[in-house]
Amino acid sequence: MKTLIILRNHNVSGKLFRIGSLLLIALAISNQIYAQGGYTNGSPEWIGGNGKIYTIGTKVGINTNAPARGLHLHGAGHRYMRTTSTGGDEFHTYVAGLELQRQLDNGQTMMWDMVNQGTFKIRRNLWTLFQLDLNEAQLGIQAQRTTLNIWGKSTGISNGELDEGSLAIRNFISGEYQTMRLDGNQIESATEMHLNFISDQDVAMVHGGGAVRINTDDDEAKLNVKSDHYHIKMINGNNAWRVGASNDDWAVGEGKLVFSNAQSSGDALLVMTEQGHVGVGTTEPLRTLDVGGTTRTTTLEITGGADLAEPFEVSNASAIEAGTIVAIDAANAGQLRVADHAYDRTVAGIVSGAGDIKPGMMMGQDGSIASGEHPVALTGRVYAKVDARYGAIRPGDLLTTSDTPGHAMKVTDPSQAQGAIIGKAMTTLEEGQGLVLVLVSLQ
């Protein structure tokens, strides 16, 4: 097709130039274009089809005679600018795009472009930094790190619902939108959120703040943390406390809940064992509460026993039953023996724990002469072995040792009883041998 272009110019008056087989101009609006010069305002007007192209200095306007940029497209309704690339049998073979070039006076050039290459890409000097298709969006390249900064509003509540936020992530589930909103201060979610969920160093929040997992896939609790060292460190100024569940590599041993204000687990100030023993000032508690130091309290209420006992070794018997009457062993310092004769002034007390009454308070010193295996009640209420063949026992009767080993009897000779009284009977035993509740009061 040949196109005729008529040029009218005051500098070439009356001359016609015929040009054949001329390519159409990229932004042509019709097959015939008339260039009319000589405007007094210096603004040529190109006319073609249903629109007009205006040039104002170095600016071109399409359907506007006041272009604000190098190329200004204007019009009512939908307006598109299209670049079409043809050829090939795969979309990614060629690109259709827009290049933005910045060139310095020294010739150095930086190029950004936006292209359609099957996927939408934003590139810098041909390196893809952002890629978008129907399935996912990618930001950054493997060879370089890319930071994404999002500036937005803080999450708030509007009409009882969360609103605003710097970032909103939505899923459309069962006909409703489930939204997680994020800002610099808050994480609010009504659905599942996973951070770094693929790796073994994941942090995950499940079901709208229901469970948080750190370095574990266990979601039994609201917060699940796995660590080979302390799990939580709480810092206030120069002070820090550490909390952790110990393993066999820790100085305190395996299976303990440890509280420490030092980095070493061996310096822990409080531990709890798997058996429920709590140690304060000790990492090896042997009792339900084991304090390695001084305990101070206003009132100490004991509900598990009714006597004050001390631990003793009993030298002349391999097996000692609770309720046995014991006396001082003159042959072994600090030890006791089973009382075996009447009105024994070396009587020391009653082995605690008989019947349904347990030791209430124990006093002793581990690793010294003031320790032992058997708790002996020195005061309080305990059950004692009594032999009623020496006289029936009734409440209020004074009790002393008897010729029956380990058994008490009723005092019948007050002149011999001085210094040999164990305490007073609080229950009755009419005959034979049995247990009697005794209010221990050595005299």
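What follows is a short tour, from the whole chain down to a few single residues.

## The chain as a whole

First things first: this is a predicted model. The protein chain has 443 residues, and 28% of them count as buried.

The mean pLDDT of the protein chain is 82, and 82% of the residues reach 70 or more. One stretch to treat with care is residues 1-42, where pLDDT stays under 50. The model still gives that stretch 38 contacts beyond four places in sequence.

## The largest pocket

Next, have a look at the largest pocket, which has a volume of about 1100 Å³. Its lining is made by 25 residues. If you want to find the middle, go to Arg 287, Leu 289, Met 362, Met 363 and Gly 364, the lining residues nearest the centre.

S26 gives the most, putting three residues into the lining. Sorted by class, the lining of the largest pocket holds 11 nonpolar residues, 10 polar ones and four charged ones.

Now for the loop between strand S9 (119-124) and strand S10 (127-132), where you'll find Asn 125. Leu 126 sits in the loop between S9 and S10 too. Most residues other than glycine have a negative phi.

Leu 126 has a relative accessible area of 62%, which is over 50%, so Leu 126 is exposed.

## Thr 64 in its loop

Thr 64 belongs to the loop between strand S5 (59-62) and strand S6 (71-73). Its relative accessibility is 12%, under the 20% cut-off, so Thr 64 counts as buried.

What does the side chain of Thr 64 reach at 3.2 Å? That would be the backbone nitrogen of Ala 66. Once neighbours within four places in sequence are set aside, Thr 64 is in contact with Lys 52, Tyr 54, His 72 and His 74.

## Ser 246 in its loop

Our last stop is Ser 246, in the loop between strand S22 (239-245) and strand S23 (257-260). Ser 246 has a relative accessibility of 8%, which is under 20%, so this residue counts as buried.

A polar atom of the Ser 246 side chain lies 2.7 Å from the backbone oxygen of Gly 253. Gly 253 also turns up among the contacts of Ser 246 beyond four places in sequence, together with Val 252, Glu 254, Gly 255, Lys 256 and Val 258.

Methods: Residues are numbered from 1 along each chain as its sequence is written. This is a predicted model: local features need pLDDT of at least 70, side-chain atom pairs count only at pLDDT 80 or more; totals for chains, interfaces and linings use all residues. Side-chain values use heavy atoms; hydrogens and water are left out. Helices (H or I, at least four residues) and strands (E, at least two) are DSSP runs, numbered from the N terminus. Buried means under 20% relative accessible area, exposed over 50%, partly exposed in between (1.4 Å probe, protein chains only). A polar contact is a pair of N or O atoms within 3.5 Å; within protein, one must be able to donate a hydrogen and the other to accept it, and residues adjacent in sequence count only if both atoms are side-chain atoms. Contact means heavy atoms within 4.5 Å. On a 1 Å grid over the protein atoms alone, a cavity is a set of points where a 1.4 Å probe fits but cannot get out, and a pocket is an open set with protein on both sides within 12 Å along at least five of seven lines; lining residues have an atom within 4 Å of a point. Grid points are joined across faces, edges and corners, and a volume is the space filled by probe spheres set on the points. Ala, Val, Leu, Ile, Met, Phe, Trp, Tyr, Cys and Pro count as nonpolar, Asp, Glu, Lys and Arg as charged, and the others, Gly among them, as polar. pLDDT is the predictor's confidence in each residue, from 0 to 100.
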